[in-house]
Each structure stands twice: as structure tokens, then as C-alpha cells.
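Colleague: Could you take a close look at one part of this model for me, the protein surface that faces the DNA? I'd be glad of the cut-offs as you go.

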2 protein chains.
Amino acid sequence: MASDKNQLSGNTAMLLLQLLSEKDMYGYEMIETLQQRSNDVFELKAGTLYPLLHGMEARNQLISYEKEAGGKVRRYYRITTEGRKELKQKKKEWEIYREAVAQVIAGCDMGYAGGICSWIGGVGYGIG
Amino acid sequence: MASDKNQLSGNTAMLLLQLLSEKDMYGYEMIETLQQRSNDVFELKAGTLYPLLHGMEARNQLISYEKEAGGKVRRYYRITTEGRKELKQKKKEWEIYREAVAQVIAGCDMGYAGGICSWIGGVGYGIG
DNA sequence: CAATGATATATAGATAATCTATATATAAGA
DNA sequence: TCTTATATATAGATTATCTATATATCATTG
């Protein structure tokens, strides 16, 4: 059975870039921030995050540096100009996708037949 | 390079169930309808669609039947009660996901510092 | 009439994103 | 001391979608 739990479905990079566009963060902090801001919808796994960060760094969207905080050395990430460009692009794509889904779902659910719907009725009977 | 073109990112089943909740359709018709309704954002590939339909039929979310139309035999799909239940669930999950992304993106973009944002400033400088 | 492109369905294999599992290390708390 | 939380990392499995390929009919066009 497909668990359906926790799919970040392709937008993880955008969300991370968004966080880093606000302030420098270390990995674990990103996981927690995403979880908090999304009311526990996003539970990004460490095994997903770190390879992603490494890839983004390799593509010059981020740089990283070590910093000690509370006796513990943490690896902080900072977004680059390239990363901000990428974020802007990803946000645009997300809007387009979101709108497209809305268009499909709006479909013919409204109480009249018109607009993109050229047929009349058709909703109702189920079999199963 | 990741083409970034055409990712339906996990919601294809929901979109197909939505279409079929409005009227019975054959496969190719679903591809065209999705493309039209989404203004060319969704270009679902046949190689993605048919295995998906077969799986949904196996899970009793759809039934299929052959029908001749214009001298051509087409395989039509009809949503079942189970399928409508699944659609309702998927729509709910989509809303939750969409909201969560909005929460993260809203972040601290607004012109004031408050709400979920406890820090001041932080947006601006890039490196790269 | 033959070639081409659109329609229509189908399967196999490749690719990409995420997850699980595992490993390591430090700090805090019981 | 043992356990849990913090913190980073990699390998391998899973899942979704894509590309490529196959087949067949119909419409168009040269």
C-alpha cells in the first residue's frame, strides 16, 4: 500500500531556498522550521535534506560554513544570488502548477454548466 | 540538467479521478482534457497514463468498458464509489499540502516582522 | 495509392525524488 | 550509565513519471 504520508513532491528545494532567503540556517534547523511553519505537514527527513543541500551547493545556489553555537559546531548554509534566482523561478513554476490544478479541479463542480464545460450534467452516479 | 519540464508531482491520480467524476472518458481524451484545462501546463504522457489507469482499476476506483465511437473502439473509464471516496481524500490532502506551502512561502515576506517570524530583517544580501 | 501524422492503447526500461536504514558524534536529562 | 534529542552523512529501496518502443486505425496529402 502506498503510504501517502509525507510526500514533498518536488518542491523541497523551493522551500529550503525560501527559508535561506530569510536567514542562514543549519540543516537540522531547516527540518524543524519546515515542520513548525507547516503545522507538521512537512516532515523532511535528514536523508532527503543533506544530499539535497550538497547538490544545491554544487550548483552554486548556496554556500556553507561552519560555526560554533553552544559548544557545538554546526554547518550553516547561505543562499547565493544564483540561489535567489532559482527561488524566484521555482516560485513562479509553483504558482503555474497550483493554478493549473485549480483549473482542473474547478472543472464542472460549480452549480451551472458553462465556461470551460460544454456539456450538461454528468455528475452523480457511482458504481463500485 | 533536470529539465523541470512537466512534472505532475504525485497528483495525477487526483486529476484523473476529478475528470472521471464529471463524465466517463477514454484515455486519450483525459490527456487532451488535462492539457486544455490547464492551458498546456499538464502534458500527461500515454506511458504514464495507462499504467496508472490499470492500477486504479485494480484498486476498484474505476471500471472500464469498450465502446465504439466513429468506427473506432475506445476503452472508456467510469469512476466507482470507491474512486469518489479516493478523490475526496486526495483533494483534502492537496488542500493541506497547498496551504502548508503557502505558510512556508508567506514566511517573512510581508513588510513587517511578526506572526510566525520572531526575527527582524534578514532578507537582502546575496553572495554568489 | 503510398507516406505521413493524428488518434488510441499498451509495456519495458530509464530517470529523478524521496524514503528507510544505517552510521557517527555530541549534549542533555533521567 | 543509559536514553533521547541534536546534528550530519551516505547507501540502498521505493515510487512516480518519463522516454522509447510497439501496434493499429483513420485522415490528410502528395
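**The surface around the DNA**

Modeller: Happy to! Helix 3 of chain B, with five residues, gives the most to the surface near DNA strand C. Two notes on reading this: residues are numbered from 1 along each chain as its sequence is written, while chains are lettered from A and ligands numbered from 1 in the order in which they are written. The model is predicted, local features need pLDDT of at least 70, side-chain atom pairs count only at pLDDT 80 or more, and totals for chains, interfaces and linings use all residues.

"Near" means that a residue's C-beta atom, placed from the backbone, lies within 6 Å of the molecule or strand. Helices (H or I, at least four residues) and strands (E, at least two) are DSSP runs, numbered from the N terminus.

Around DNA strand C there are 27 residues, and Gly47(A), Tyr26(B), Gly27(B), Tyr28(B) and Gly47(B) come nearest. Two or more residues each come from helix 3 of chain A and from helix 2 (27-37), helix 3 and strand 3 (72-79) of chain B. By class, this surface has 10 nonpolar, 12 polar and five charged residues; Ala, Val, Leu, Ile, Met, Phe, Trp, Tyr, Cys and Pro count as nonpolar, Asp, Glu, Lys and Arg as charged, and the others, Gly among them, as polar.

The surface near DNA strand D has 10 nonpolar, 12 polar and five charged residues.
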